[in-house]
Amino acid sequence: MLWNKKIVIGITGSIAAYKAACLCRALIKKGAEVQVVITPAGKEFITPVTLSALTQKPVVSEFFTANDGTWHSHVDLGLWADAMLIAPATAASIGKMANGIADNILITTYLSMKAPVFIAPAMDLDMYAHPSTQQNLNKLQSFGNYIIEPATGFLASALEGKGRMEEPDKIVEILENYFAHSTDLARKKILITAGPTYEKIDPVRYIGNYSSGKMGFALAEAFATRGAEVVLIAGPVKMETIHPNIRRIDVESAKEMYQSAIEEFANVDTAILCAAVADYRPKNYSENKLKREDKGDFSLELTANPDIAATLGKLKKANQLLVGFALETDNEQTNALAKLQKKNLNFIVLNSLKDEGAGFQGDTNKISIIDAQGKTTAFEMKSKKAVAEDIVDFLRNRLS
Ligand code: PMT
């Protein structure tokens, strides 16, 4: 998987920099071409001579070579690489990357990078756990970077905890996995709905629900990372998308989501309906803010929204897959299967509010995938990103 792959390894100033030598060696043994970029602090821990001997390339550490003025182009490196791996990544460099502080060639290379970026943090346990580091890592993740979580164990500070850079063999395995899967869904087109819908009552009020969009966006990212072309129809959410394979259509109401879904469905191989769509909307929208009146109770007349899933179920062709979600609170299996049948879905992904940590808003979910015969594949509680990977893996073979 790494044969002929061009990899930029960024090394920052951590005692774990010695592991970067093993990383370079392991990647080269697998057939990769490796270019090292190192920070001034990184050079205090491992010499460029060691690294250039291993990679058979001059190490890039300055913007230009002092004696003859040769310019080292971080932009060219950004275009050259198939992947960038920053290992070890210190708290300081992570902070600079998260905030665009381009004061050395490693950070400018990172900011110019067109290829996927993998970051392997290495630091003391308290530095790693600090909210500042965690916020920066979350920010990097939201940019689409992959964080290779540090391991727990003995640290250079003589303390024990989470902060050890992951072992080189494991990092190589992660890169191999990435390249193995990065194109397996190329040419597939996927439609995903995500988030809530808002149904306007008046200019200041709406009917909505607690969906954050996290599950649907994780799915979009997982499919896009595997090479699929994704159309993401998103209700009103505070989520970002940067993957170039994702085309995002922002909508507010169920009717808008319905319209976009109908327009896009004919051009896709699969639609995955993860949005929590409002079943009803106010029958009449008030142009002016409704005033509180002293009449006691107030009734709002509702009218049914179109059912996107059921409509797509009718339009579905034999070569298309339609996958719904069901968020249940009771009789989960029975209710989910009934929805699958009623809406003519191929699969339904069940999540239950009875499972703590599943459903709305959180970063985790616990799902079962049910097929038209009621056959159920259950998964453990995991991060929504990992759940999305499970769904992609499950659908991958059925998609071809
Ligand atoms: O966004 P998060 O905070 O990460 O939360 C994720 C989630 C809990 C919203 C998600 O995992 C989920 O379960 N989504 C479906 C929620 C739901 O309300 O399902 P439902 O049982 O009401 O609807 C069944 C299916 O029909 C769903 O695929 C839904 O998208 C679809 N539907 C429903 C109503 C409607 N008018 N049109 C539809 O297409």
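Student: Which residues form a nonpolar patch on the surface?
Tutor: Y280, F298, L300 and L302 form it, with about 420 Å² of accessible area together. Nonpolar side chains (Val, Leu, Ile, Met, Phe, Trp, Tyr) are joined within 5 Å, like charges within 9 Å. Accessible areas come from the Shrake-Rupley method with a 1.4 Å probe, and for residues only the protein chains shown count as cover.

Student: What should I know about the model itself?
Tutor: It is a predicted model, in which local features need pLDDT of at least 70 and side-chain atom pairs count only at pLDDT 80 or more, while totals for chains, interfaces and linings use all residues. Residues are numbered from 1 along each chain as its sequence is written, and side-chain values use heavy atoms, with hydrogens and water left out.

Student: Why is L302 called partly exposed?
Tutor: Buried means under 20% relative accessible area, exposed means over 50%, and partly exposed is in between (1.4 Å probe, protein chains only). L302 has 41% relative accessibility, so it counts as partly exposed. L302 lies in strand β15, residues 302–304. Strands (E, at least two residues) and helices (H or I, at least four) are DSSP runs, numbered from the N terminus.

Student: Why does S132 count as partly exposed?
Tutor: Its relative accessibility is 39%, so S132 counts as partly exposed. S132 lies in helix α8. S132 and L300 are 168 residues apart in sequence and 46 Å apart in space, C-alpha to C-alpha.

Student: What makes S368 buried?
Tutor: S368 has 15% relative accessibility, so it counts as buried. S368 is in strand β19, residues 367–371. Leaving aside neighbours within four places in sequence, S368 is in contact (heavy atoms within 4.5 Å) with residues including I348, V349 and T376.

Student: Is M165 buried or exposed, and why?
Tutor: At 2% relative accessibility, M165 counts as buried. M165 is found in the loop between β7 (160–164) and α9 (168–181). Leaving aside neighbours within four places in sequence, M165 is in contact with several residues, among them A16, L23, P88 and A120. M165 and A89 are 76 residues apart in sequence, yet 8.4 Å apart in space, C-alpha to C-alpha.

Terms used. Patch = residues over 30% accessible without salt bridge, like charges linked within 9 Å, V, L, I, M, F, W, Y side chains within 5 Å. Salt bridge = Lys/Arg side-chain N within 4 Å of Asp/Glu carboxyl O.
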